[in-house]
Amino acid sequence: MASRTHPAFTRAEVETHNSKDSCYVTIDDKVYDVTDFVQDHPGGPELILDYAGKDVKEILKDATSHPHSQAAYEVLDESLVGFLASENVTNGSAPSAVNGSQKGADWVHPRTGMSREEDLSKETDFTTDYKTHKFLDLSRPLFPQIWYGGFSKEFYLDQVHRPRHYKGGQSAPLFGNFLEPLSKTPWWVVPTIWLPPVAYGTYVASEGLGGVEQAAYWGLGCFLWSLVEYILHRFLFHLDEWLPDNRVGITVHFLLHGIHHYLPMDKYRLVMPPTLFVVLATPFWKLAHTIFSYNWYAATSVYCGGIFGYICYDLTHYFLHHQNLPLWYKQLKKYHLQHHFLDYELGFGVTSRFWDRVFGTELLPVVKTN
């Protein structure tokens with residue numbers, strides 16, 4: 001089966017590949033690169049070049065012109081390079097046909113190679129995917145492939161934002177050695193490790209604050225976390241434009257967040273590992289006590305509220321990917337998964353879309369138009 005992680009082409013792009021040096025043909029919404037087959041075509045190269053950049057569905061069926069065996073279709077299957085996408089696919093609008101002519105057919109978003117959130121759970125054919133994209137072989141450890149791959153920043157960002165799915169949501173090998181278990185974090189680890197410190201910190205802070213005062217500071221911490229969540233997701237995890245074009249920058253990006261977009265349904269690389277959270281959370285402890293330096297108890301209460309907000313964020317993130325949810329959360333789930341399959345440069349809010357609305361990065365609902 002062809003993987004939906006193939007790139008998408010407009011009809012105009014396909015039509016430019018109309019020579020012996022670059023010859024593409026289509027059948028319905030599938031795009032094939034038959035350049036290597038032009039000179040080997042039994043009927044001569046002219047028969048292929050006459051249809052270069054065009055759809056060949058009807059001519060393949062035309063026994064009078066040139067009969068084709070099943071082997072011809074097998075050659076095409078091996079030459080699949082992408083799918084046709086409508087040129088007017090934009091945020092908030094999805095056409096009802098792939099190429100504008102087939103009513104009801106699936107459209108493919110050109111940036112992610114996907115049509116809908118269900119595509120995130122379609123298992124990737126490892127062999128076909130690697131042969132087509134020359135990016136990562138999911139059957140081998142990913143870390144050394146990223147480190148030694150020599151990928152350019154442009155190629156890496158294009159590929160890492162085209163989601164793949166590994167064996168029903170299991171974890172693809174990352175290190176392939178003793179470090180492998182450290183790269184996986186079950187969702188329940190987050191509340192198990194961090195709720196006790198939050199409870200203790202809240203108790204300690206209560207010794208220097210009144211009940212209402214502490215609740216206000218604690219609630220402020222939760223609210224501030226929602227902003228921190230947005231800032232981290234948008235400006236750290238999606239540091240795409242400013243990402244250094246070298247293997248160190250690319251590898252750090254992949255480990256920090258790229259792997260989640262590459263394998264978004266991986267159950268064990270979705271919540272933040274405790275060690276990474278400690279690294280990211282430590283500066284915020286100092287920041288809280290700098291801003292609220294007038295009252296240590298207030299700073300601690302704000303910090304604990306923020307950490308509780310983080311716990312809610314990580315659990316929400318996991319459940320949005322892997323659980324059936326009440327109606328309100330279903331809408332939030334749909335919104336977040338659009339960030340993965342529709343447009344990764346919008347929709348940075350996970351626990352809510354509030355800050356997306358404030359800063360103009362809200363993903364609009366996908367509306368199918370005829």
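1. The largest cavity has a volume of about 40 Å³. A cavity here is a set of points on a 1 Å grid over the protein atoms alone where a 1.4 Å probe fits but cannot get out. Grid points are joined across faces, edges and corners, and a volume is the space filled by probe spheres set on the points. Searching the whole structure turns up one cavity of 30 Å³ or more.

2. A word on the basis: this is a predicted model, in which local features need pLDDT of at least 70 and side-chain atom pairs count only at pLDDT 80 or more, while totals for chains, interfaces and linings use all residues. Residues are numbered from 1 along each chain as its sequence is written, and side-chain values use heavy atoms, with hydrogens and water left out.

3. Which residues line the largest cavity? They are Trp225, Val228, Glu229, Leu232, His233, Phe237, Met272 and Tyr313, where lining means having an atom within 4 Å of a point. Helix α9 (residues 211–237) gives the most, with six residues. By type, the lining divides into six nonpolar, one polar and one charged; Ala, Val, Leu, Ile, Met, Phe, Trp, Tyr, Cys and Pro count as nonpolar, Asp, Glu, Lys and Arg as charged, and the others, Gly among them, as polar.

4. The largest pocket holds about 550 Å³ of space. A pocket is an open set of points with protein on both sides within 12 Å along at least five of seven lines. Of the 23 residues that line the largest pocket, Ser183, Leu255, Leu256, Pro273 and Leu276 lie nearest its centre. The elements giving two or more residues to this lining are α10, α11 (274–291) and α12 (296–322), and the largest share, five residues, comes from α10. The lining has 14 nonpolar, six polar and three charged residues.

5. For the overall picture, the protein chain has 14 helices and seven strands. Helices (H or I, at least four residues) and strands (E, at least two) are DSSP runs, numbered from the N terminus. Of the 370 residues, 48% count as buried, that is, under 20% relative accessible area with a 1.4 Å probe, protein chains only. The chain exposes about 18300 Å², with carbon and sulfur atoms supplying 59% of it; these areas come from the Shrake-Rupley method with a 1.4 Å probe.

6. Helix α7 (residues 153–160) is worth a look. Its buried residues are Lys153, Tyr156, Leu157, Gln159 and Val160. They sit on the same side of α7 because they cover an arc of only 170° around the axis, taken from the directions from the helix axis to the C-beta atoms. These buried residues pack against α5 (126–133), α6 (142–148) and α10 (247–262).

7. Not counting residues up to four places away in sequence, it touches Phe143, Ile146 and Trp147, a contact meaning heavy atoms within 4.5 Å.

8. Lastly, glycine 306 is found in helix α12 and is buried, with a relative accessible area of 13%. Leaving out residues up to four places away in sequence, glycine 306 touches Gly221, Cys222 and Trp225. Its C-alpha atom is separated by 9.2 Å from that of phenylalanine 284, 22 residues apart along the chain.

Notes. Buried < 20%, exposed > 50% of the residue type's maximum accessible area, 1.4 Å probe, protein only.
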